[in-house]
Amino acid sequence: MNMRKPLRPSPTALLNPRSDPTFKTLFTQNTPESNDALRDLISAMLGKAVRSIKLLPNEPPKKSRTEKQMAFDVHCVLENGEPAEIEMQGRDKEHSYAGRAEAHAARLLAHATRRGESWKDIPKVYQLSVLNFTYDSGDKSAFSWYTMRKKASGRNEDEKGLSLNERLNVIYLELTKIRRLRHKPVAQLTKLERWGMFLAYADKPEMQEYLHAILAAEECIMKANEILEEISVDEANWYLQNAYDDWERDQLEAAALKEENAREYQKNVQERQKILQDRQKLTQDRQKIVQDQQKLTQDQQKLSQEQEMLEQEKTMLEREKHLAMERGVHAHAKETAKRLLGIGLSETQVAESVGLSIEEVRQLQQD
């Protein structure tokens, strides 16, 4: 007969309180111990005593069919009537958790505002998140509290502006930063840091000695640990946690694949842009080559024209030189002819001697 393998890894293994279903189960038991643990954790995060809380359904009704549905992890009302939501968040989905937290806080405030009620009587609302990831890497503090404030102006971006009415409160406890305190003596930890240590390491066998010191110092954390031990016996809780972890893993893989596809797409876009830029540059280079060739052709044509003009000028100079020489020879011949006529030679003899025509010699004689 085949025996089904138990989901619990070992008889002493504890569920992971950082897993969403385990966190809910731990703090929403209908027992005084679970209520005390939740009250103590909320008190530590708010920094004020919370004597009692009232758990409410974790899914507020939608006002319209187009409104986005929200499911709060643990939704409660403090004794003074102020609503609070506390949840465990394992990852920053699409790096948009801040927007989600603001939306949840705004929804809390909207549901806490009653028609006809004075604006002065609107209660404060608290969106409390235990984060198993680093939200603000630039801040070493594991605890942060956000309210609506006037935006800083001028050069001092760290300047704190005037707050509104502090009705919207978003509060984070970052376990990744709490873990840095694991070598700090328990006596030096604050109540909130001890709660952070419990949530960060409750399921880690190697940290049990350190956690025992925390349990001895904090009664409500001891109650939370006892509840965790009790619910860890139930196989159904291990099934829920494993199913949630598998879903989270699938979500992470899907998100990683989406980011990888986005990076690949962006890379392809950049490569296509580079190809287009290279093509444009090649086209520009070709156009420049054509322009250079056209200019070279124009320069060659201009040079040919200049050479042709130079040759023409050279020919004209040669011709003028030849004509000048001819005029000089002719003038000399006329002078010689005059002298020969003067000594009594005949027109025929003179013409033959100097190379002039009979008519030119006769004209000289008449002159």
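**Entry 1: the model**

I am working with a predicted model. I keep that in mind for each entry below.

**Entry 2: helix α1**

I began with α1, which covers residues 20–27. Is this helix mostly covered or mostly open? I found it mostly covered, with seven of its eight residues buried. I listed the buried ones as D20, P21, T22, F23, T25, L26 and F27.

**Entry 3: helix α2**

Next I took α2, residues 32–46. At 1.5 Å a residue, its 15 residues should span 21 Å. The C-alpha atoms at its ends are 21 Å apart, so the model agrees with the expectation.

Then I asked which residues of α2 are buried. Just after α2 I came to G47, which takes a positive phi of about 75 degrees.

**Entry 4: α2 against α5**

I looked at how α2 meets α5. Their axes come within 8 Å and cross at roughly 125 degrees. I recorded the crossing as left-handed.

Which residues make the contact? From α2 I noted A37, D40, L41, A44 and M45, and they meet K191, L192 and W195 of α5. I sorted this contact by class and got six nonpolar residues, no polar ones and two charged ones.

**Entry 5: α5 against α7**

I stayed with α5, residues 191–201, and turned to α7, residues 219–231. The axes come within 11 Å and cross at roughly 15 degrees. Angles under 35 degrees count as roughly parallel. So α5 and α7 are roughly parallel to each other. This crossing is right-handed.

On the α5 side I found R194, W195 and F198. They meet C220, I221, A224, N225 and L228 of α7. By class I have six nonpolar residues, one polar and one charged.

**Entry 6: α8 against α10**

I moved on to α8, residues 235–342, and α10, residues 358–366. How do they cross? Their axes come within 10 Å, at an angle of roughly 60 degrees. I wrote the crossing down as right-handed.

H330, K334, A337, K338 and L341 of α8 touch E360, V361, L364 and Q365 of α10. The classes here are four nonpolar, two polar and three charged.

**Entry 7: T283**

I picked out T283, which lies in α8. Its relative accessible area is 40%. Buried means under 20% and exposed means over 50%. T283 is therefore partly exposed. I also checked T283 against G99, 184 residues apart along the chain. Their C-alpha atoms are separated by 47 Å.

**Entry 8: H104**

Last, I looked up H104 in α3, residues 97–112. Is H104 buried or exposed? Its relative accessible area is 4%, so I wrote it down as buried. H104 and E174 are 70 residues apart along the chain, and 18 Å separates their C-alpha atoms.

Note on methods:
Residues numbered from 1 in each chain as written. Predicted model: local features only at pLDDT ≥ 70, side-chain atom pairs only at ≥ 80, totals over all residues. Heavy atoms only, no water. Axes fitted to C-alpha atoms, helices over the stretch in contact; angles between N-to-C directions. Helix = DSSP H or I, 4+ residues; strand = E, 2+ residues; numbered from the N terminus. Parallel < 35°, antiparallel > 145°, perpendicular 65-115°, else oblique. Left-handed = near helix turned anticlockwise from the far one by under 90°. Contact = heavy atoms within 4.5 Å. Nonpolar A, V, L, I, M, F, W, Y, C, P; charged D, E, K, R; others polar. Buried < 20%, exposed > 50% of the residue type's maximum accessible area, 1.4 Å probe, protein only. Expected span 1.5 Å × (residues − 1).
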